Amino acid sequence: MSDAAASAVALRNLKPWVYKTDITKFFDEINRETLKDVIRRKVRHRSLHNMLIDAASREISEPNKSRAAKVKKLGVMKNCGVRQGMPLSPFFSNLFLHEFDRAVENARLSMVRYADDLIVLCSSHDECLDVDSFCRNALDKRGLKIPPISETGKTQVYAPSQTAEFLGLGLIPDGKKYKLDLTTEQKEKIRRRILQFSSVTYLADNRVNIFNFGRKLDGVIAGYLGSYSCCASFNDLEKTLDGLRSKVTRTLFKDTFNIDISALSPPGLAFLCIPD
């Protein structure tokens, strides 16, 4: 993800206008029969075909009516689409969009695509509108749609003076160039995600207990650090995440176990991963 965003900001230093969109309900709308055909044609090792087709046909388990209702509410239908979040999902998305990517290359567009999110760097507003028409026509051939252009929707056109958002990062004007950094919205999303670990209700719902708490929390933090290592304010992000880790631990042990953090010795604080 960070490589895609870094490529996008590098291209924006050459072409400052930005067209950004994502494919509507992409993973849920993938035609499985078309995907199976692409697997058979594009994957050279035939011994892998049945395994890949079986993975593409996986369904979400519904052990109870409540979970089944949630799945239905999300618009996930059986026998349709690819289940997002599987390790193979990005691979399937690239296979399914192979012909679209070739059309983009033939049109010589400065596009960066990450699964169903894509961004095209342009030289003018009119070129952005032309790109919008191109993408709609090319994706329609695969049975896919993108939202209409709007100022607050998922399809937007950004002028050279505006910060363009892509994959939770901002392509931000910085003098005569552009830099890559976290948007305010993404910073807040990260903060809320980490602070969830201070709620025992959230932990219980997600099968986090005293034995795997630290590993789970550190895993989420490591994921953010790995994804956003390309940011201009990466050092500040590290400090923020360290502070949130400490805050989560302090809150959890104080509110849940009534542990007086201020009374703990340095070794006790170190055991709880709380800076003294």
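**Close-up views of a predicted model**

**View 1. The largest nonpolar core has 41 residues.** Inside this core, the residues with the most contacts are Phe166, Leu171, Ile194, Phe197, Phe213, Tyr228 and Leu241. A second, separate core of 34 residues includes Tyr19, Ala56, Phe100 and Cys128. A nonpolar core here is a set of buried Ala, Val, Leu, Ile, Met, Phe, Trp, Tyr and Cys residues joined through side-chain atoms within 4.5 Å. Buried means under 20% relative accessible area, exposed means over 50%, and partly exposed sits in between (1.4 Å probe, protein chains only). Helices (H or I, at least four residues) and strands (E, at least two) are DSSP runs, numbered from the N terminus.

A word on the model: it is predicted, so local features need pLDDT of at least 70 and side-chain atom pairs count only at pLDDT 80 or more, while totals for chains, interfaces and linings use all residues. Residues are numbered from 1 along each chain as its sequence is written, and side-chain values use heavy atoms, with hydrogens and water left out.

**View 2. Here are the neighbours of Leu171.** Leaving aside residues up to four places away in sequence, Leu171 touches a list of residues including Ala8, Val9, Arg12, Ile119, Phe166 and Tyr178. Contact means heavy atoms within 4.5 Å.

**View 3. Helix α9 (residues 184–195) packs against α12.** Their angle is about 30°, and their axes are 9 Å apart. Axes are lines fitted to C-alpha atoms, for helices over the stretch in contact, and angles run from 0 to 180 degrees between N-to-C directions. That makes α9 roughly parallel to α12 (angles under 35 degrees count as roughly parallel). On the α9 side, Ile190, Arg191, Ile194 and Leu195 meet Leu241, Leu244, Lys247 and Val248 in α12.

**View 4. Lys25 and Leu167 each have a positive phi.** Most residues other than glycine have a negative phi. Lys25, with phi of about 45°, is in the loop between β1 (17–22) and α2 (26–29). Lys25 counts as partly exposed, at 48% relative accessibility. For Leu167, phi is near 60°, and the loop in question lies between β5 (164–166) and β6 (169–174). Leu167 is buried, with a relative accessible area of 12%.

**View 5. Arg32 is in helix α3 (residues 32–42).** Arg32 counts as buried, at 8% relative accessibility. Arg32 and Val82 are 50 residues apart in sequence, yet 7.6 Å apart in space, C-alpha to C-alpha.

Methods:
Parallel < 35°, antiparallel > 145°, perpendicular 65-115°, else oblique.
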